[in-house]
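Let's take a walk through this structure together, one region at a time. Have the model open beside you as you read.

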Amino acid sequence: MTEEDQLSRRSFLSIATWAIGGFMGIVLAIPALAYIIGPSLQRTKSENWVRLGSTSKVEIGNPSLFKTVVENQTGWIVSEAEISAYVITENGRDFSALSNICTHLGCRVRWIPESEQFFCPCHNGVFDSQGLVISGPPPRPLDRYETRVENDQLFILVGG
Amino acid sequence: MAVQVGNWLDERLGWRKVWEAIFLRKVPKVNWLYTLGSATLFVGLLQIFTGILLTIYYVPTPDHAYDSVQYITTQVPAGWLIRGLHHWGASAMVVLAVLHMIRVILYGAYKFPREVTWFSGVFLLLIVLGFGFTGYLLPWDQKSYWATTVGTRIAGVAPVVGESILRIMRGGEDLSAITLARFFGTHVWVLPTALILLVALHIYLVIRIGISAVPKREE
């Protein structure tokens, strides 16, 4: 064996070791990365039509508060959460449902019948009967749920 | 550029000497059985890596342990792989460590001046078995529950102190949340600390003393 042969054998083994080691590192790093960031990419909330109640309970021209319970799954834990929505109708046929969560910082708004406005007690946010901002800090109108009526039962689309 | 950075660092850290001592040391002509120790070390590093990943989702309480393990296995991307590697790696650790020990025994590599290497190796094997025993309970399914019931019961039959050992291991009369929590704590804090310290000593001695040659037929 000449000096050159020994050198190339040595550097070949060195390169091979680094290559195999690097390959194993990548093979391990990719699943590890997927494992770590996986749940943050998964959509945990699925869209669901949730029954609010009978349409006959909605007063014409006066937002009525409906409460319902939805199941939330986070990780391996299933929990129940109460959601509330103000349902509004002008004619008893077309319904719209507004979230009662203030778009400012998430406090619950309530309907003040005397002034016909939604009022948020946290920072004095005020919305009109359609959920549009009248005054105060809220950056956008109240969120709306999609609604559907089936056999005089009112449903809203939750999640998504 | 890379050479310059290497030189700059070497002037300050002296890392080339360390590198040479670890990877470029002289070894006698040996056979493939001499790779068993490195193989054990490699699987051990893999166990540390996958074990750390598992703790990202695993929760060691009776009401969450089983569900979080199921969540890892069925919901988290590559969770089945990470858990599978950790699961099979555990068995591989024991098998490789024992094979490594058998090689050392048969080649007489435990003799002077390598006795301390041997002692530390024996404790390392016990630590590996401890890892296996404590890790087995963590999925908190029927198999792990009853295996730990039996395993702690076996410790309980030791004369005089058996009953105390049993109670200390379980943290009370029966297997409970306390048992699960202390097995988890032992598995992820106590044993890894002991393992890393002893592995450092073990490898330091291997490098300092050098590995033994294959014994000759007549000497």
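How many residues of chain B are in contact with chain A? Keep in mind that this is a predicted model. In it, 12 residues of chain B meet nine residues of chain A. On the chain B side of this contact, helix 4 (65-74) and helix 5 (79-106) are the elements that give two or more residues. Helix 4 of chain B gives the most, with four residues. Sorted by class, the side of chain B that touches chain A holds eight nonpolar residues, three polar ones and one charged one.

Now step back and look at chain B as a whole. Chain B has nine helices and zero strands, so its elements, read from the N terminus, run α-α-α-α-α-α-α-α-α. The C-alpha trace of chain B spans about 55 × 50 × 30 Å along its principal axes. Of the 219 residues in chain B, 25% are buried. If you take the contacts in chain B between residues at least 6 apart in sequence, 71% of them join residues at least 24 apart.

Is Arg170(B) buried or exposed? Arg170(B) counts as buried because it has 21 C-beta neighbours inside 10 Å, and the cut-off for a buried residue is 20 or more. Leaving aside residues up to four places away in sequence, Arg170(B) touches Thr152(B), Leu175(B) and Thr179(B). For a sense of distance, Gly130(B) is 40 residues from Arg170(B) in sequence, and their C-alpha atoms are 15 Å apart in space.

In soluble globular proteins, nonpolar side chains tend to be buried together. The largest nonpolar core in this model has 21 residues, and the members that touch the most others are Leu52(A), Ala85(A), Val87(A), Ala97(A) and Ile156(A). Strand 3 (77-89), strand 4 (95-99), strand 6 (117-120) and strand 11 (153-158) of chain A are the elements that give two or more residues to this core. Look closely at Ala97(A): not counting residues up to four places away in sequence, Ala97(A) touches Ala85(A), Tyr86(A), Val87(A), Arg144(A), Tyr145(A), Thr147(A) and Ile156(A). Apart from this core lies another, of 18 residues, including Tyr58(B), Ile72(B), Ile82(B) and Leu85(B).

Notes:
Residues are numbered from 1 along each chain as its sequence is written. Chains are lettered from A and ligands numbered from 1 in the order in which they are written. This is a predicted model: local features need pLDDT of at least 70, side-chain atom pairs count only at pLDDT 80 or more; totals for chains, interfaces and linings use all residues. A residue is buried if 20 or more other C-beta atoms lie within 10 Å of its own, exposed if 12 or fewer, and partly exposed in between; C-beta atoms are placed from the backbone. Two residues are in contact if their C-beta atoms, placed from the backbone, lie within 7 Å. A nonpolar core is a set of buried Ala, Val, Leu, Ile, Met, Phe, Trp, Tyr and Cys residues joined through C-beta atoms within 7 Å. Ala, Val, Leu, Ile, Met, Phe, Trp, Tyr, Cys and Pro count as nonpolar, Asp, Glu, Lys and Arg as charged, and the others, Gly among them, as polar.
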